[in-house]
Amino acid sequence: MSSNYDVIVVGVGAMGASACWQLARRGVRMLGLEQFGVGHALGSSHGHTRMIRLAYYEHPDYVPLLRRAYELWDELETASGERVLYRTGGIYMGSAGGEVVGGCIDAARRHGLAQEVLSRDDLARRHPLFDVPADYIGVWEPAAGFLLCEKAIGLFARLAMEAGAEIHGHEPVVNVELRDDRVTVTTPLQTYHADRIVFCGGAWSGKLLADLGVELVVTRQALGWIWPQSPEAFALDAFPVWGIEQPDGSLAYGFPMMSDVPGLKMARHGRGRPVDPDTVSREPTAADREEVLAIARRYLPSAVGPTLSSRICLYTNSPDGHFIVDRHPAGGRAVIACGFSGHGFKFASVMGEILADLATSGVTPLPVGFLGLARFGKSVS
Ligand SMILES: Cc1cc2nc3c(=O)[nH]c(=O)nc-3n(C[C@H](O)[C@H](O)[C@H](O)COP(=O)(O)OP(=O)(O)OC[C@H]3O[C@@H](n4cnc5c(N)ncnc54)[C@H](O)[C@@H]3O)c2cc1C
């Protein structure tokens, strides 16, 4: 086992595993270090599915990244011979002037995306299972769907190793020294040296990058699976991914049922309780289950039924809810990807490419300026 690498990736979760694949397929000598087992359920990337959509209401500059993300998800499927992306179409609902519907329409106009705006009557006719407020309209997006999250991470890691990457699970990075001439990484097992380092620490990024000077707030988020009254109505070929803007600004959202994961998955996208990722209780409570059931009761009455399962997952919130992807202010040897704020998984494929670009050449042709540290008054020296 060598201790000298071109690039070390810290954290082999969604972003790190993708970066490992993109680096290894370029022939870069690389090491990925993961503190838990690869594919664990203690961070931000477990729970079977993650939504992917193209008309991004959060910020239209994400759309070019998403176009490339879709291409790279397809590439992952081709390279692995496995399916990870299901294009079910997606229905988003909210008031006409609200952030969700208004932002989706704006993103679609700016970027020429396929989309249908549905009146209240269209909504009731085409998506009769939903019970939404009288002033809500809908946006139907054919490109939307979901990704199998644990499977994608496993495939990224497998393909990376087949392309020559070394990946070590159960080996936490306990110290990093960024020097002008090289990077030194210490774990309880060994000391490693590399030309470059990529930080993909997810909920632990605030601890790994304590000197960054940007506050990252980790929150505890619940997911639930309910057994609906009429399961066939929510089957994969009958029901899309969906999102409903709630009066408090959060988003209720959910997925169709998978044949091998019993229950209809839904959750609330909105800031949960701030926690420490090392001490948070990942045991779901009655209140966690109630948060999910309340969504079904309010918007999908025919889905109300017994809870089959619930999981706790972590968001890492940046101050403005947008990702942080840049070179580290301490110098060009380190690249950071963090603050995915509960909406990053769909970008994991393209993040791998961006991080590989930044780690190998210091620049990327992809438009990531809006995700840089300059917006927090930090500049890369
Ligand atoms: C409930 C929930 C629902 C979500 N829904 C969606 C959705 O529908 N669509 C979407 O696009 N996104 C969604 N997201 C967000 C998305 O899942 C995350 O943004 C994404 O998974 C974050 O990936 P990551 O690589 O930053 O973190 P992770 O995948 O958690 O990876 C970080 C890794 O770094 C490792 N690590 C940390 N510190 C060290 C260290 N010192 N040494 C070694 N390893 C270390 C951790 O163990 C971990 O494996 C959701 C998130 C949650 C929690």
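**Notes on the predicted model**

1. The mean pLDDT of the protein (pLDDT being the predictor's confidence in each residue, from 0 to 100) is 96, and 99% of its residues reach 70 or more. This is a predicted model, in which local features need pLDDT of at least 70 and side-chain atom pairs count only at pLDDT 80 or more, whereas totals for chains, interfaces and linings use all residues. Residues are numbered from 1 along each chain as its sequence is written.

2. The ligand is surrounded by 36 residues, of which the closest are Gly11, Gly13, Gly43, Gly202 and Gly344; a residue counts as near a molecule or strand if its C-beta atom, placed from the backbone, lies within 6 Å of it. Two or more residues of this shell come from each of α1 (14-25), β3 (49-52), β13 (217-226) and β18 (307-317). By class, the shell holds 20 nonpolar, 13 polar and three charged residues, where Ala, Val, Leu, Ile, Met, Phe, Trp, Tyr, Cys and Pro count as nonpolar, Asp, Glu, Lys and Arg as charged, and the others, Gly among them, as polar.

3. The domain assignment gives domain 1 (4-45 + 150-215 + 320-376) and domain 2 (87-145 + 217-317), with bounds that come from an automatic or database domain assignment. Their centres, taken over C-alpha atoms, are separated by 29 Å. Because both domain 1 and domain 2 give residues to the shell around the ligand, the ligand lies between them. Between the domains, 15 residues of domain 1 are in contact with 11 residues of domain 2, contact meaning that the C-beta atoms of two residues, placed from the backbone, lie within 7 Å. The side of domain 1 that touches domain 2 has five nonpolar, nine polar and one charged residues.

4. Helix α1, which also contributes to the ligand shell, is mostly covered, with 11 of its 12 residues buried; a residue is buried if 20 or more other C-beta atoms lie within 10 Å of its own, exposed if 12 or fewer, and partly exposed in between, with C-beta atoms placed from the backbone. Among the buried residues are Met15, Cys20, Trp21 and Leu23. The end C-alpha atoms of α1 are 17 Å apart, which agrees with the 16 Å that its 12 residues should span at 1.5 Å a residue, the expected span being 1.5 Å times one less than the number of residues. Glycine 27, with a positive phi near 85 degrees, follows α1.

5. Helix α3 has 13 residues and reaches 17 Å from its first C-alpha to its last, close to the expected 18 Å. Its buried residues are Val100, Val101, Gly103, Cys104, Ala107 and Ala108, and they pack against α2 (62-80), β5, β7 (136-141), β14 (241-245) and β15 (251-254). Alanine 96, in the loop between β5 (90-95) and α3, is in contact with Val101 and Ile137, leaving aside its neighbours within four places in sequence.

6. Two backbone angles deserve a check. Histidine 48, in the loop between β2 (30-33) and β3, has a positive phi near 75 degrees, and with 19 C-beta neighbours inside 10 Å it counts as partly exposed. Serine 341, in the loop between β20 (334-338) and α8 (348-361), has a positive phi of about 50 degrees, and with 22 C-beta neighbours inside 10 Å it counts as buried.

Methods: Helix = DSSP H or I, 4+ residues; strand = E, 2+ residues; numbered from the N terminus.
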